[in-house]
Amino acid sequence: MTDTPARPARLLLVDDDRLILGTLAQGLRHMGYEVHQAESAEDAEALLSSGLRPDMALLDVHMPGAGGLWLAQRLREIEHVPFVMLSAYGDASTVAQATRSGALAYLVKPLALTQIQPAIETALQRALEIGELRRTREQLQSALDGDRIINVATGLTMAQYKLPRQRAFELLRSAARAQRRKLIDVAQETVQAFDDAHA
């Protein structure tokens with residue numbers, strides 16, 4: 001049995017300079033990346049709206065229109081797409097803005113392809129770690145929310161049937177088993193029934 005080869009990393013390259021955009025895109029494709037190009041934040045937004053989900057975005061900081069920092073915020077907050085900032089400006093203020101926006105790296109143009117690949121690979125690895133942390137946090141939050149609902153349902157069952165806590169919990173768990181349902185679903189239904197009765 002052979003392992004299926006991993007697909008190449010999908011990059012979104014956004015720069016208003018067509019020469020830089022074309023040269024970088026060609027070089028990155030030659031390195032084995034799948035590259036999608038946009039000449040503005042608005043063009044990138046259109047690609048994202050059409051369903052593109054890049055593994056990483058490389059964004060020019062200063063572009064006409066919405067600009068790279070606006071796009072960076074959208075990628076971070078809505079799409080959860082990691083990004084690297086590109087700029088001809090290496091001043092402390094611009095770097096600080098990019099860092100605050102959540103950039104995983106900051107590269108100063110002109111860029112040598114031999115320099116950009118290690119930065120991309122490092123950022124991609126970091127992005128995987130961040131994504132895993134986010135998924136773990138979401139799972140923990142979901143578990144906490146589930147525990148809270150189960151605790152509320154247990155309390156309602158205790159009050160309704162005048163049972164001690166453990167017996168009320170066992171009653172909910174027995175109902176879930178009998179109905180071949182998850183305990184959280186039975187608990188949510190119990191809480192909803194109480195809310196409906198007291199609305």
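Which side chains meet in a salt bridge with an N to O distance of 3.2 Å, one of them being that of R181? The partner of R181 is E189. A salt bridge here is a side-chain nitrogen of Lys or Arg within 4 Å of a carboxyl oxygen of Asp or Glu. R181 is partly exposed at 30% relative accessibility, and E189 is partly exposed at 44%. The classes are buried for under 20% relative accessible area, exposed for over 50%, and partly exposed in between, with a 1.4 Å probe and protein chains only.

The model is predicted, so local features need pLDDT of at least 70 and side-chain atom pairs count only at pLDDT 80 or more, while totals for chains, interfaces and linings use all residues. Residues are numbered from 1 along each chain as its sequence is written, and side-chain values use heavy atoms, with hydrogens and water left out.

By the salt-bridge rule, the count comes to 10. Side chains of opposite charge can pair when their charged atoms come close. Another pair is R173 and E170, whose closest N and O atoms are 2.8 Å apart. Both residues belong to helix 6 (residues 165-178) and are three residues apart, about one turn of the helix. Helices (H or I, at least four residues) and strands (E, at least two) are DSSP runs, numbered from the N terminus. R173 has a relative accessible area of 29% and is partly exposed; E170, at 23%, is also partly exposed.

The salt bridge between D60 and K109, with N to O at 3.2 Å, links distant parts of the chain. D60 sits in strand 3 (residues 56-60), and K109 lies 49 residues away in the loop between strand 5 (106-108) and helix 5. D60 and K109 are both buried. Together with D15, they are linked in a network of salt bridges.

Helix 5 (residues 113-161) packs against helix 1 (residues 18-30) at an angle of about 65°, and the axes are 11 Å apart. Axes are lines fitted to C-alpha atoms, for helices over the stretch in contact, and angles run from 0 to 180 degrees between N-to-C directions. L24, G27 and L28 of helix 1 make the contact with L113, I116 and I120 of helix 5, where contact means heavy atoms within 4.5 Å. Of these residues, five are nonpolar, one is polar and none is charged. Nonpolar covers Ala, Val, Leu, Ile, Met, Phe, Trp, Tyr, Cys and Pro; charged covers Asp, Glu, Lys and Arg; the others, Gly among them, are polar.
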